[in-house]
Amino acid sequence: MDRIDRREFCLGLGALSTVLILPPHMQVQAAATPENGQYPVEPVKDTMTQAQRDARMAWWNQARFGMFIHWGLYAQAAGYWNGKPVPFLGEWIMNTAKIPVADYQKLAATFDPTKFNADAWVSMAKASGVKYMVITSKHHDGFAMFKSDANKFNIVDATPFKRDPLKELAIACHKQGIKFGFYYSQDQDWTAPGGAAMRGGHWDKAQDGSFAEYLHAKAIPQLKELLANYQSEDAPAEIWFDTPTPDMTPELASEIVTLLNQHPNLLWNNRLGGGYSGDFETPEQHIPPQGFPGKAWETCMTINDTWGFKKDDTNFKSTETLLWNLIDIASKGGNYLLNVGPDATGVIPQPEQDRMLEIGKWLKVNGEAIYDTQAGPFSQEHGVYSPTEKDKKGNPIWVPVWDWRATAKPGRVFISILQWPGTKCTLPPMDARVTKATMLADRKHRALKFSQNEKGITITLPETAPDPIASVLVLHS
Ligand code: GLC
């Protein structure tokens, strides 16, 4: 793509991603909040000093880039039911096609992902430059991808595979120095009696029952297993809850918090329900224009248009789009949790691996501009609210401008240049006095000519960009 096409493409994408702020299946919920603003059980972090809280979040704040993995029985269906393609997200197939519980459960009899290799996955993740992985231990379909004594509908007891991939991944992550976290669908469960079902509620009598009983018979015992059985590998580093419904009252949620509190370093996201805000915000499929100043946040995003594997979904985002997203997110102080959806044989689709690895190549050279950084020092915003286009709620949509982004560390500001301006680069004013300017990719650290005054900074750049996607200029002070 030439420069103009590329820009139009990204503007279009930006507009689209803003419309998708909350996916429709998440918009119906009204979060239950504690009546008096007090939690029935205080999260352990709220009893800590700021310094203790910072230490607890340190690895997560430094990481900036993580890999989400949606893997489960739905990969076996791969977006098809009874020979027909089913629309919407791959991991939602049971709900979208209203598949009876007993029929869906039959998928387990043939789920045998013999090509799964934990070391290969983790090596790939490592080469991609991610610092943490979060995998679906149980998604909304209720199928556990781990050995569970609490419920037999799990990969060890219900499939010919009989192995616990979470254990194998925990071992591999521990060995290779990657933090490992579990996604767990605590509220929706479409195969357990009493589990919640969004987008229309239950469709099979086998789903009827009390939500509290489901929580006590399945979700809480399984969370206990997840918190106990991987401790020798220092896992989980975090629990990623999802889709809370009003069923999750503050009292029920607090039973889960009591468990989580036994692991003071365990992080958990803002989707538990019951009014709990958790450790970090989770914008989904979009990058908030201003980030969340003062809060930890993580944008989770699909590489194509589904989380769980769908064989027909080849709408992969380009490496450029993904990398620009990572840079944009880091410039606003957030993390990027980028999803891959392995297939039913246990393989991460090659186009997904290719993109992850290309990001990793860039990070090998330019990682200093991303890891352990903070939002950049400039107040300039890289985008505008459209004067004409509005989202479904009538709010103006944010149209990003993909020119450059800044991140910072003590003594250094990193400018990731997305559109190479030629030899002259002008930046807005900045408080710190710049002492030197270099390109991060230049191993010889040659000093670039620059001048700084109250109107801004002007730098003389090399004629051609060191990197076709993003080249990092370093301002030392
Ligand atoms: C949504 C979907 C779910 C997916 C999650 C990831 O809430 O329900 O399928 O796992 O987003 O953020």
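**Reading the ligand site**

Guide: In this predicted model, an oxygen atom of the ligand is 2.9 Å from an N or O atom in the side chain of Trp92.

Visitor: How much of the area that the ligand exposes when taken alone does the protein bury?

Guide: The ligand taken alone exposes 310 Å², and the protein buries 100% of that. The space that the ligand takes is the largest cavity.

Visitor: How many residues surround the ligand, and which are the closest?

Guide: There are 16 surrounding residues, the closest being His70, Glu91, Trp92, His139 and Glu284. By class, the shell holds seven nonpolar, five polar and four charged residues.

Visitor: Where does pLDDT stay under 50?

Guide: The predictor's confidence is given residue by residue. Mean pLDDT for the protein is 93, with 92% of its residues at 70 or more. Residues 1-22 stay under 50, and the model gives them 33 contacts beyond four places in sequence. Residues 27-31 are also below 50, with seven contacts beyond near neighbours in sequence.

Notes
Residues are numbered from 1 along each chain as its sequence is written. This is a predicted model: local features need pLDDT of at least 70, side-chain atom pairs count only at pLDDT 80 or more; totals for chains, interfaces and linings use all residues. Side-chain values use heavy atoms; hydrogens and water are left out. A residue is near a molecule or strand if one of its heavy atoms lies within 4 Å of it. A polar contact is a pair of N or O atoms within 3.5 Å; within protein, one must be able to donate a hydrogen and the other to accept it, and residues adjacent in sequence count only if both atoms are side-chain atoms. Accessible areas come from the Shrake-Rupley method with a 1.4 Å probe; for residues, only the protein chains shown count as cover. On a 1 Å grid over the protein atoms alone, a cavity is a set of points where a 1.4 Å probe fits but cannot get out, and a pocket is an open set with protein on both sides within 12 Å along at least five of seven lines; lining residues have an atom within 4 Å of a point. A molecule sits in a cavity or pocket if more than half of its atoms lie within 2 Å of its grid points. Ala, Val, Leu, Ile, Met, Phe, Trp, Tyr, Cys and Pro count as nonpolar, Asp, Glu, Lys and Arg as charged, and the others, Gly among them, as polar. pLDDT is the predictor's confidence in each residue, from 0 to 100. Contact means heavy atoms within 4.5 Å.
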